[in-house]
Amino acid sequence: MNAGSPSIVRVEAGHACYDVTIGADCLAGLGSVLRTTAPTAIRAHLVIDAGVPESLVNRVRSAFSESGLIGNESRLTPSEPIKSTPTWQRLLLDIAEASLERSDVIIALGGGIVGDLAGFAAASYRRGIPIIQCPTTLLAMVDASVGGKTGFNIETSHGLLKNMVGAFHQPAAVLADVDALASLDERVFRAGLAECVKHAMLSADYGDPDLADWMARSTTNILARNPATLTELVTRNVAVKAAVVRTDERERSSGDQGRALLNLGHTFAHAIETIDSLSPTNDPNLAPLMHGEAVSLGLIASATLAEQLGRASGMVEPLRNRLVKFGLPTAVRGLPESGEILARMAHDKKADTGRSRFVIPIGDGSSRVVLDPPVQAVVAAIESIRA
Ligand SMILES: NC(=O)c1ccc[n+]([C@@H]2O[C@H](COP(=O)([O-])OP(=O)(O)OC[C@H]3O[C@@H](n4cnc5c(N)ncnc54)[C@H](O)[C@@H]3O)[C@@H](O)[C@H]2O)c1
């Protein structure tokens, strides 16, 4: 794949159809994307992730002036605690102060936290206005910006509940400029690779059986952040996600496939990523876990669960090797006892049918949903990530 030519993945989700444009410097095309997706817009509100380099922010600002749009801005310093009601409310106030109408447009420029919050502001302001997602982390490019899930966390007596409030609100377009990945902190970059490994664990059923092997063969170029390799990595991952979302936009499938598969590793991940003391390397200064690091641990737990249930064999060790090569954690110190993790899982939204729901890998590139697995198998899965 040529670093100079952007690639496009078409997403069809319910009534919404949009393009994800991926490549180096593809933010330069934002002006024309604005003109085609929001032709009657007069104003645009840019929600900026404070970690994004100013040069990238300026590319978006110049797209506003090119398109004759009046631009306003909000800036967020992302962390899971600020993915909250007060931040959503602040964004709505900023957008209302800027007098956006329903035909105007919001642009999210940042990682998954900014994308999820700006997405929900767009979903809820005036009952829904268009948003263009410009993801700037690997995780946001391959996962959070595509598929329309938006929202934030709430703090309850059961602890912080991830993504408990939100809406499906598909973007009008997504521009994943891989140049943005150059400035990412190494830890943040690697966390995004966990979602790529997750996609590769279900990609055989969604059109890309070679994804895991290609990622293994391309490890050096991926970690060196070669722009052409990153363009291919993001394109193939977005294509897998788009193929899953196409079959089940709102995660309503009652079978053992559909959008729920994208939660592979997440039932475990959501239970542990809200524990403030956990660190990927046991260095307390690095606590808490990033979402992608928790997903990495969750993938190991899911593979262990699959083996416990007799649905797979010989899967955990190769997976562990793959994650270690990408610098991702596969075990963690200081995990609370399994009873506490089980209780946290029970409050996660993935238990929303009153039954516990897990996704397990069942073979190379294939995963399935299982309901109410025996508790001792889940406990063994939790213990498999205890260092
Ligand atoms: N909506 C979905 O479908 C979906 C899917 C997966 C994850 N998520 C959510 O995404 C969030 C995690 O997203 P994330 O991993 O992107 O983390 P994040 O949003 O916290 O960003 C990580 C860090 O990278 C910085 N950053 C962003 N872009 C940068 C750049 N170009 N250069 C330098 N620094 C930059 C940010 O300021 C932040 O400090 C979680 O809240 C998770 O729940 C949502």
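I take a salt bridge to be a side-chain nitrogen of Lys or Arg within 4 Å of a carboxyl oxygen of Asp or Glu. I note that this is a predicted model, in which local features need pLDDT of at least 70 and side-chain atom pairs count only at pLDDT 80 or more, while totals for chains, interfaces and linings use all residues. Residues are numbered from 1 along each chain as its sequence is written, and side-chain values use heavy atoms, with hydrogens and water left out.

**Entry 1: the domains**

I looked up the division of the chain and found domain 1 (7-184) and domain 2 (200-383), with bounds from an automatic or database domain assignment. Their centres, taken over C-alpha atoms, are 25 Å apart.

**Entry 2: the interface**

I counted contacts (heavy atoms within 4.5 Å); 34 residues of domain 1 touch 27 residues of domain 2. The buried area, meaning the accessible area (1.4 Å probe) that two parts lose on being put together, summed over both, is about 2600 Å² here, and carbon and sulfur atoms give 64% of that. I recorded that V142, K162 and F168 supply 21% of the area domain 1 buries against domain 2, more than any other three residues.

By the rule at the head of these notes, four salt bridges cross between domain 1 and domain 2. I also looked up K162, which forms a salt bridge with E273, their closest N and O atoms lying 3.5 Å apart.

On the side of domain 1 that touches domain 2, I find that β1 (7-13), β2 (16-23), α5 (138-144) and β8 (159-168) each supply at least two residues; helices (H or I, at least four residues) and strands (E, at least two) are DSSP runs, numbered from the N terminus.

**Entry 3: aromatic pairs**

I searched for rings of Phe, Tyr and Trp (its six-membered ring) with centres within 6.5 Å, calling planes under 30 degrees apart stacked, over 60 edge-to-face and the rest tilted. The structure holds four such pairs. F120 and F152 form an edge-to-face pair, 5.7 Å centre to centre, with 65 degrees between the planes. F120 lies in helix α4 (residues 112-124) and F152 in strand β7 (residues 149-156), so this pair ties together parts 32 residues apart in sequence.

**Entry 4: backbone details**

I noted a cis peptide bond between A287 and P288, with omega about -5 degrees. P288 sits in the loop between α10 (266-273) and α11 (291-308). R126, although not a glycine, has a positive phi of about 50 degrees; I place R126 in the loop between α4 and β6 (131-135).
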